[in-house]
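Have the model open while reading.

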Amino acid sequence: MDRRPNPLNRSALLATALLCATAASAADIGALWSHQASAGTQLLPVDQAFALVSAERKHDRIEVTWSIAPGYYLYRKRLGFAVEPAGKAQTLGAAQLPAGTPMHDEQGDNEIYRNTLVAVLAIQTAHAPQRLRVRYQGCADAGVCYPPQTKLIDVVSTTPH
Amino acid sequence: MRSILLIFVICAVAAAGGFLAYRHFAQPDDIAGKPLPAGIQMNDLDGKPHKLDDYRGKLLLINFWATWCGPCLHEIPELVKLQTQYGARGLQIVGPAVDDPDAVRAMLGTLGINYPVLVTTAPEDMIKTMEQLDNPVGGLPFSLLIGADGVIIKRQIGEFSAAELTQLVESQLPK
């Protein structure tokens with residue numbers, strides 16, 4: 001009887017073992033990622049998820065800019081702007097916002113923003129505000145929402161008055 | 001013999017890789033296994049104070065939520081079913097709201113919540129309570145399952161699925 005191992009069988013055995021080991025490892029890692037998403041341990045701090053970058057005065061308007069991390073979004077209907085401190089002479093026009101991405105959830109029909117958002121606020125040049133109070137609220141695609149934020153931000157001028 | 005050795009080496013490498021991945025990616029559920037911090041108190045919508053310590057002896061599911069949180073509103077009907085199904089066996093759910101009390105009142109009718117909804121005077125106070133309970137980002141929904149002995153069994157930021165909830169509660173209640 002020929003007792004030499006069949007090279008074909010040996011290769012198949014090896015390939016099967018390799019596949020099983022790789023698959024097991026991949027499954028473990030996948031389960032860990034899944035756990036992390038559900039446990040929320042990888043959530044960014046709110047200021048990294050929704051970074052309020054700047055409020056720039058450009059002639060008769062102020063542009064307020066956010067940088068939104070991938071996998072996160074801001075709700076259009078939760079944006080708010082006011083002059084800080086509130087003053088009769090300094091008023092803001094209604095915010096001009098870009099069209100957001102439609103989204104329907106338990107809160108009804110919404111528009112959301114991803115990546116970058118620039119809100120444009122009309123101002124009276126004679127009474128340009130120096131500081132704004134900005135409100136916003138958003139969520140992560142992982143199914144976690146952040147509490148509404150209210151931030152004070154200084155208005156910087158990028159054009160001559 | 002050489003092929004067996006090779007398979008062993010491959011498996012050992014894969015196992016080591018898996019272990020290193022675990023060490024790299026896994027983050028311990030820090031607060032689980034520790035007692036619920038004592039003295040946490042909130043009011044219900046009628047102003048009646050509720051101390052979380054007073055629920056000792058029951059399986060307590062604390063579900064922080066808000067009216068502005070879509071995943072929370074999606075999860076609440078499952079919690080309502082759970083309270084109905086397991087209340088008699090010792091489950092008590094409470095729902096602290098990270099929200100303005102008036103906004104909560106306005107939404108209660110549509111949600112049909114059958115367990116105490118708790119509030120604080122200012123939502124910021126509720127956020128501080130969540131931080132105390134190991135939720136530094138303030139993400140919602142946020143749930144803690146507390147055993148009858150007051151020890152935290154599970155902490156989760158994000159929604160539970162209905163199956164997860166049922167399995168978790170079933171596993172902790174007396175048969």
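**Aromatic contacts and a helix crossing**

One aromatic cluster is formed by Phe50(A), Tyr72(A) and Tyr146(A). The model is predicted. Over all chains, the whole-structure search finds seven aromatic pairs.

**Phe50(A) and Tyr146(A)**

- These two rings, Phe50(A) and Tyr146(A), form an edge-to-face pair, at 5.5 Å centre to centre and with 85 degrees between the planes.
- The pair links distant parts of the chain, 96 residues apart.
- Phe50(A) sits in strand S1 (residues 50–58) of chain A. Tyr146(A) sits in the loop between strand S10 (144–145) and strand S11 (149–157) of chain A.
- Phe50(A) and Tyr146(A) are both buried.

**Trp66(A) and Tyr136(A)**

- Ring centres of Trp66(A) and Tyr136(A) are 5.5 Å apart, and the planes lie at 75 degrees, so this pair is edge-to-face too. The cut-off for edge-to-face is over 60 degrees.
- Trp66(A) belongs to strand S2 (residues 61–68) of chain A and Tyr136(A) to strand S8 (residues 131–136) of chain A, so the pair ties together parts 70 residues apart in sequence.
- Trp66(A) and Tyr136(A) are buried.

**Helices H2(B) and H5(B)**

- The axes of helix H2 (residues 70–86) of chain B and helix H5 (residues 162–172) of chain B come within 10 Å and cross at roughly 30 degrees. That makes H2(B) roughly parallel to H5(B).
- The crossing of H2(B) and H5(B) is right-handed.
- From H2(B), Glu78(B), Leu79(B), Leu82(B) and Tyr86(B) meet Ala162(B), Leu165(B), Thr166(B), Val169(B) and Glu170(B) of H5(B).
- By class, this contact of H2(B) with H5(B) holds six nonpolar, one polar and two charged residues.

Conventions. Residues numbered from 1 in each chain as written. Chains lettered and ligands numbered in written order. Predicted model: local features only at pLDDT ≥ 70, side-chain atom pairs only at ≥ 80, totals over all residues. Heavy atoms only, no water. Axes fitted to C-alpha atoms, helices over the stretch in contact; angles between N-to-C directions. Helix = DSSP H or I, 4+ residues; strand = E, 2+ residues; numbered from the N terminus. Parallel < 35°, antiparallel > 145°, perpendicular 65-115°, else oblique. Left-handed = near helix turned anticlockwise from the far one by under 90°. Contact = heavy atoms within 4.5 Å. Nonpolar A, V, L, I, M, F, W, Y, C, P; charged D, E, K, R; others polar. Phe/Tyr/Trp six-rings, centres within 6.5 Å; stacked < 30°, edge-to-face > 60°. Buried < 20%, exposed > 50% of the residue type's maximum accessible area, 1.4 Å probe, protein only.
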